[in-house]
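Open the model in your viewer and keep the selection tool at hand. We will go from one stop to the next, and each stop says what to pick.

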2 protein chains.
Amino acid sequence: MTAEIISIGDELLIGQVVNTNAAWMSRQLNLADVQVRHMSAVGDNAEDIRQSLDLALSRTEVVLLTGGLGPTHDDITKKVVAGYFDSAELVMDEKVLAHIRALFQRRNLRMTPVNEAQALVPKKATVLWNDYGTAPGLLFERNGRYCVVLPGVPAEMQHLMNERVLPFVKSKNKNATIRHRTIRTFGVAESHLFEKLSPIAELEKFGKIAFLPHYAAVDVRISVYSDDARDAEARIRAAEEYILARAGEHVFGFENDTIEAAIGRLLIEKKATLAVAESCTGGLVAHRLTNISGSSQYFDRGIVTYSNAAKVQMLDVPEEILQQHGAVSEECAKAMADGIRRVSGTTYGIATTGIAGPTGGSEEKPVGLVWVGVATPDRVFAQKALFAKDRLVNKERFSQMALNLLYRELK
Amino acid sequence: MTAEIISIGDELLIGQVVNTNAAWMSRQLNLADVQVRHMSAVGDNAEDIRQSLDLALSRTEVVLLTGGLGPTHDDITKKVVAGYFDSAELVMDEKVLAHIRALFQRRNLRMTPVNEAQALVPKKATVLWNDYGTAPGLLFERNGRYCVVLPGVPAEMQHLMNERVLPFVKSKNKNATIRHRTIRTFGVAESHLFEKLSPIAELEKFGKIAFLPHYAAVDVRISVYSDDARDAEARIRAAEEYILARAGEHVFGFENDTIEAAIGRLLIEKKATLAVAESCTGGLVAHRLTNISGSSQYFDRGIVTYSNAAKVQMLDVPEEILQQHGAVSEECAKAMADGIRRVSGTTYGIATTGIAGPTGGSEEKPVGLVWVGVATPDRVFAQKALFAKDRLVNKERFSQMALNLLYRELK
């Protein structure tokens with residue numbers, strides 16, 4: 001079964017909003033063995049919506065539209081799609097209206113006429129009940145092809161996909177199988193990994209192979225499309241074995257696994273604990289580590305010591321180090337890592353100190369310079385690197401480097 | 001001038017990667033007065049790439065493709081587009097080859113044959129020199145319409161857009177003007193804001209108006225398309241005045257302004273300082289505050305006290321509070337906010353304690369419960385809220401609530 005996603009909203013076309021909905025939807029559709037071949041975005045413009053819908057229905061079995069179902073005048077999707085399916089007449093759905101009233105009451109908010117109008121639905125559409133919001137989803141059918149219309153609010157869209165759309169799609173799509181497997185590596189360049197896995201034709205006997213480079217990782221993805229689930233799974237396993245045999249030493253995880261999750265598993269295995277001292281990463285390392293459910297088992301604390309005074313007071317960094325070498329130095333990174341480990345009484349301590357930018361750099365210590373310190377039961381050491389000028393990208397890369405250094409130490 | 005963006009890569013269609021490139025590109029094109037009317041994504045599939053390109057060139061003046069220029073076998077964009085423009089013959093560009101060699105030398109990496117092949121370019125294309133990577137950009141022209149091909153690596157794509165594509169586009173697009181203005185509000189529901197600004201027809205005399213609800217904010221955006229820059233700017237100003245006169249008390253910023261940036265401005269204005277104590281947000285509040293360039297002027301430190309021991313040791317939270325009320329309580333939130341303020345000697349302190357989930361909840365203290373504490377020179381108080389089940393969404397909402405509470409206190 002094939003599907004196409006059309007995202008509606010001027011905010012997408014002017015780049016105000018990143019289209020995370022389309023990515024989430026295609027992931028879920030793939031898990032339901034539905035192949036997404038096209039995704040597109042158009043503005044809140046009747047003609048563009050109609051044309052995109054028409055093209056999509058000409059080449060795809062299920063078309064999913066999101067966005068433009070809100071209460072304000074700029075939300076035109078319902079009207080346009082109803083017109084496309086010759087169902088321009090809207091009728092008041094009393095059950096939906098009662099549901100909207102109840103939602104407003106629960107939040108102690110006064111209801112307005114535009115909220116009431118959200119309960120108007122096209123006669124020919126099936127209502128997809130929206131527990132979480134005021135805009136119901138809609139399902140249209142024509143010549144055995146389907147069109148689903150969902151609100152653009154992520155939580156509401158996800159709820160409707162999980163509870164209404166995916167069960168419906170699965171009931172219509174019984175034979176196809178799609179399997180993906182992603183193997184995550186780091187410490188190896190994309191072209192070198194490619195070489196290690198060559199001849200690729202050998203590997204592609206099992207399925208389609210893709211290489212995906214990131215900041216500090218290169219992923220290899222295997223995709224198998226088959227009409228037999230057992231065959232698909234056997235191919236995935238064979239490809240995985242091929243890759244692990246040739247590049248296993250670079251593999252740190254699978255699928256959406258992250259270095260912070262891998263660290264968590266290793267710390268639990270070693271019954272070890274961790275504390276973090278951050279300067280330039282400003283809390284991002286702690287944020288990433290605590291994104292992992294269950295991190296309270298090993299993550300004791302993080303201290304963001306932005307001021308020099310905080311470094312001295314909280315981490316026992318000697319004032320002489322700050323005076324002689326400055327905060328961005330090997331000595332300070334080591335003192336911070338050692339300090340956070342001692343203060344917290346944890347097995348490991350890591351620390352970051354650098355210049356995230358865009359200002360604050362000098363010739364000797366330019367923007368993008370970072371020192372990462374690591375303290376283990378056996379030793380304290382630091383490593384430096386030089387990245388780019390962008391503050392937010394630097395924070396990401398600095399944090400990735402700190403986590404990588406710890407990971408290697410734990411592995 | 002109109003443009004269309006086509007993003008290429010199976011990773012987009014299976015939802016493995018969110019398409020941030022398309023959002024960034026459309027934002028830059030809008031700033032160059034180019035209207036993006038369609039964005040689409042297709043897989044690494046020759047037929048789908050050709051069809052999308054053909055449709056785009058039939059309705060748009062500039063088509064921008066990204067992705068699929070890497071060194072590995074799954075990158076087919078260059079070959080397909082060259083074929084589409086009857087330029088299948090690739091020739092070795094010696095300058096590009098020398099550049100790739102130099103890049104590998106600088107990084108101390110061995111070059112492989114697939115890297116060399118990146119210097120092969122279609123005869124009919126203009127090379128867009130890529131300082132940052134091994135894949136050059138390409139520019140094709142046919143009947144006064146243009147097709148630009150860029151690598152999908154964000155840093156390289158952005159470099160080529162800024163240095164090569166946007167200057168070219170601007171030189172071809174001298175008369176059009178596009179202006180957007182986004183006004184950010186919070187503390188008011190979307191439908192109520194709509195009512196405050198009604199009749200919308202009055203406001204739409206100036207331009208197109210859109211309402212964009214987020215987690216804890218509702219944006220109003222005005223868009224003006226004109227062939228006269230002064231007229232466009234006057235309309236934007238008039239619409240802004242209309243909105244500020246009717247809903248000014250809810251406005252906290254403009255454009256991409258964030259609550260953390262607004263807090264920073266207020267703290268600088270008051271010559272005040274801030275420290276943060278976090279439990280459930282795990283560093284995210286500090287991370288957001290330190291995303292602001294210059295935050296070292298007012299942000300003193302953040303402490304992520306995940307363990308109870310850390311709360312007692314670092315923040316002077318009385319053990320009796322933890323025993324009697326637990327860590328997720330009004331008393332603990334207040335003690336944490338007060339503690340971080342006293343320990344740091346800052347003007348303000350804020351604290352978060354809650355249950356991010358997905359596990360760790362109880363009937364009395366369910367997943368999604370958060371207490372936020374605020375300590376000012378005058379008082380210490382706390383507020384609670386109950387959000388959803390998703391760990392990462394909860395961390396975002398908890399952090400937004402903490403920043404909102406502080407913002408109101410500062411305003």
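Here is the tour, stop by stop.

**Before you start.** This is a predicted model, in which local features need pLDDT of at least 70 and side-chain atom pairs count only at pLDDT 80 or more, while totals for chains, interfaces and linings use all residues. Residues are numbered from 1 along each chain as its sequence is written, and chains are lettered from A and ligands numbered from 1 in the order in which they are written. The model has an ipTM of 0.74 and a pTM of 0.74.

**Stop 1: the two chains together.** Select both sides of the interface: 74 residues of chain B are in contact with 74 residues of chain A (contact means C-beta atoms, placed from the backbone, within 7 Å). On the chain B side, these divide into 33 nonpolar, 30 polar and 11 charged (nonpolar: Ala, Val, Leu, Ile, Met, Phe, Trp, Tyr, Cys and Pro; charged: Asp, Glu, Lys and Arg; polar: the others, Gly among them).

**Stop 2: β14 from both chains.** Pick residues 299-305 in chain A and in chain B. These two β14 strands run antiparallel and are joined by five bridges (strands are DSSP E runs of at least two residues, helices H or I runs of at least four, numbered from the N terminus; pairing takes at least two DSSP bridges). Zoom in on V304(A), which stands opposite G302(B).

**Stop 3: helix α13(A).** Now select residues 308-315 of chain A. Which of its residues are buried? They are A310(A), K311(A), M314(A) and L315(A) (buried: 20 or more other C-beta atoms within 10 Å of the residue's own, with C-beta atoms placed from the backbone). Because they cover an arc of only 105 degrees around the axis, they lie on the same side of α13(A) (the arc is that of the directions from the helix axis to the C-beta atoms). Their cover includes β13, β14, α14 and α15 of chain A, together with β14 of chain B.

**Stop 4: helix α15(A).** Move to residues 330-344 of chain A. This helix of 15 residues reaches 21 Å from first C-alpha to last, close to the expected 21 Å (1.5 Å times one less than the number of residues). Of its 15 residues, 12 are buried, including K334(A), D338(A) and R341(A). G345(A) follows, with a positive phi near 70 degrees.

Note on methods:
Contact = placed C-beta atoms within 7 Å.
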